[in-house]
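Welcome! Take a look at the structure below, and then let us walk through some of its strands and helices together.

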Amino acid sequence: MFLCLGVSVMAFVLTTVVPGDPAVANLGDRASSDPTAVRLYREHFGLDKPLPVQYFVYLGNLLHGDLGESEQSRRAVRIDLAEYIPATAELAITSMVLALLLGVTLGVIAALRRNRLTDQVIRVVSLGGMSTPQFWLALVALYVFFYKLNWVPGAGRLDAIVLPPPHVTGLFSIDALAAGQLDVFLNTVQHLILPACVLAAFNMGLFTRFTRSAVLEVLENDYVRTARAKGLPEVTVVFRHVLRAASPPIVTVVGLAFGNVMTGTVLVENIFSWPGIGQYSYRSATGLDLTAIVGVMLFVAIVYILVNMVVDILYAVIDPRVGLA
Amino acid sequence: MTPLLSVRDLHVWLDTARGPLSIVDGVSFDVGEGQVFGLAGESGSGKTITALALLGLLPAGARTGGVAIMAGRDLLAMRTSERRRTRGREIAMVFQDPTSSLHPMLTIERQLTEHLRYQLGLSGKEAHLRAVALLTEVRMPDPEAAMRGYPHQFSGGMRQRIQIAIGLACEPRLLIADEPTTALDVTVQAGILRLLRRLCKEKNLAVILITHDLGVLSALADSITVMYAGRVAESGPTSQVMGHARHPYTRGLIDALPHPEAPDRVLIPIAGDPASPESRPSGCAFHPRCRYSRPSCQIAIPPLIPIDDGREMACPVDPFMASVAR
C-alpha cells in the first residue's frame, strides 16, 4: 500500500519536472498559439493548480478508482488500461511460460551434463539470449520469420479479417477456446508466438543460468545420494528431489524477471504493433500524457508488488522450514 | 555356509585432475547372513568408498576392479538398470549425517513411501500402512504424526531412526550403516546401536557397520576388518581382533580408546596423521607412524597372511606375537 503511494509520488514528480508543456504537446500548433485554448486546456486537466494540490486531487480521485482522463485519447485512463492490459497480459504470460519451460529444462540438462558438449552449447545459447538486444532480435525475427519465410503473420493480435472472440477475459486465446472458435484461437497463437519468443529470450537465458547453478549446488547434497540409494529412477531423483530443492532461487529470479518482461513489452509491442500497455506507455510518454503515464506506472508497480508477494508465499509452500510471518 | 556377500580384491580409483587416484587397493571380506560386519579405520582409509562401490554410487569417473558377489551376482559388473533394482531391495544404506541425508522439503511419508511404491509397486494406502509399521519398528513415537512431519522437526536420533526405517522399507538383505552414530550424542548412540543389533537378529539382516570407533564394534560386530590407507590391516572375529590385536595399527586404535572401567588409564594416540590417498607412503602405508617399523617396511607392501582361526593380518613384523602366545 505504502509502496503504491510512494510510486504515485515518484511518478507525479518525475512527470512534472520533465521539460515540455503537455498543453503544447497535445493541442497542436494552431491551438497552442491561442492563449485561451491553452488556458482552457490547463483548467480542464487541473494543470493550473499548484503541484501539491494536483497531487492530492489525483489521490482523492484514485480512492474512487478514478485514474483521471488521458490527455491523448480523451478517455478515462481506467478504460484505456482495461483495454490494453489483457493484450499485454496475454503476451507477457505466454512469454513467461515459454521462458520458464525452456529455461528450466535447459538448465537441468546443462547441470546434469556438466562440462560436456551439451552443457557448453546450452551455456552459449543462454548467454546469447541474455546479451542480444531485444529490439534487434525483434527486427531480425520479423524479417526472417515474417518477411522471408512467411511462417507467421506480421503485426497485431489477429489478422485484420478475423473478428476478436467474445470478450470474457480479454485474452484472445482463452476467449476463443471458451467460445469454441478454433480458427480464431490458432490465428491468435500464430500472432502471439513470435513476439512472445522475442520477449522470452532474455528471461530464458536468465532462467537457464540460475537453474543450472541451483541444480549443480543441490546435486552435491547427501540427500540426493540417499534418493539414489533407494533405487529410484534418475527421472524421479532429478524432478522430485533435485528440482524441488533447487526451486527457491529459481522462483526468486522468476519474480524479478517480471520486471524484464514489463520493460521488454515497450519495445516488443511497438515493433510488433501489439495493442498493449507497452505501446500505450510509449505513446503517452512521447505525447506527454501525464495522467496516462502515472496510471501505467501505478499499474506496473502493483503487478510487481503482487508478483513478489506470490514469490514470498511460494517460498513457504516449497520449503516447510520457511514460516509465513 | 556361503556368505551373503563376498568381496574379493576390490579396487577403486577416483578420477582427479591429476589422473586416477587409488582409494581402495585390494580389499577382501565376507559378510554372512544375520551378521554384523564391522569395517573400521580412520577417515580417509576408504571405508565409505568401499560401501559406495557396492551400491554403485561412486562419484562420476570412478573405476572399480575386483568382484563383489552377492546372491550369485557380481555387484560391480551389473548394468545400470539391474543395479538400480538392487538398491533398496537387496542392499540399503544409512548415511552418516541424518540431517543432510534426508530431503529437507519432502514429508517423512514421501521419503518413506516413494521407493515402496516404485520398487515394490504398492498402492498409496498399502505403502502408508507399511511406512507406519516401519516407524513403529524403529521405535518412533507417534508414527502417524511423524509421517506428516518434515526432517527439521525431529532430533538427530529420531532422524537417524527415520533413515534406518527408509533403509529397511524394501526389506533388503544387507544394510550398510556408514558411521550411523558419529553425528549423534553419546546417549542417543546406544539406542541406535541396540536398534541395529535387534533388527539384525529379528530379520536375519546382514549389517556392514562402518565406523572409526572400535568401541562401538567391540560391542556389536561379529567380525571386524580394519582398514588403513585403502588396504586391510587386520581382519577376523571381533573377540580375536579386539582381544589380541596383532597388527600395530589395530593395537594403536585400541590403545587410543577411552575405557569406561579404567578411567585412569593413559590413552596412547597414534602419532602422525592418517595417510592421504594423494601421498600414500611406499611399502606398508602405516610405516611412518609405526613404532615397530623396519627398513623393509618402506619397500615391500606386506601381504595379508592368515594367522590363527580365520584371522588375517598384514604385518610381517608381528610385534604382538608374544601376547597371543601368552
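## Around strand S8 of chain B

Let us begin with one pair of residues: Asp178(B) has Ile210(B), in S8(B), as its bridge partner. Please keep in mind that this is a predicted model. The two strands concerned, S7 (residues 174-178) and S8 of chain B, run parallel and are joined by five bridges. To get from S7(B) to S8(B), the chain passes through helix H8 (residues 186-203) of chain B, making a right-handed β-α-β crossover.

S8(B) also pairs with strand S3 (residues 36-40) of chain B, again over five bridges and in the parallel sense. Here Val36(B) is found opposite Val207(B) of S8(B).

## Buried or exposed?

How many of the six residues of S8(B) are buried? The count is six of six, for a strand that spans residues 206-211 of chain B. In a regular strand, side chains alternate between the two faces of the sheet. One side of S8(B) carries Ala206(B), Ile208(B) and Ile210(B), while Val207(B), Leu209(B) and Thr211(B) are on the other; both faces are covered.

## An antiparallel sheet

Elsewhere to explore is an open sheet of four strands in chain B, with antiparallel pairing and the order S2-S1-S4-S5. Its edge strands, S2 (19-31) and S5 (73-74) of chain B, each pair on one side only.

S1 (residues 5-16) of chain B is joined to S2(B) by ten bridges. Helix H1 (residues 47-55) of chain B lies across S1, S2 and S4 (63-70) of chain B, at about 80° to S2(B).

Terms used. Residues numbered from 1 in each chain as written. Chains lettered and ligands numbered in written order. Predicted model: local features only at pLDDT ≥ 70, side-chain atom pairs only at ≥ 80, totals over all residues. Pairing = 2+ DSSP bridges. Contact = placed C-beta atoms within 7 Å. Axes fitted to C-alpha atoms, helices over the stretch in contact; angles between N-to-C directions. Buried ≥ 20, exposed ≤ 12 C-beta atoms within 10 Å, placed from the backbone. Right-handed = clockwise from strand over helix to strand, strands pointing away.
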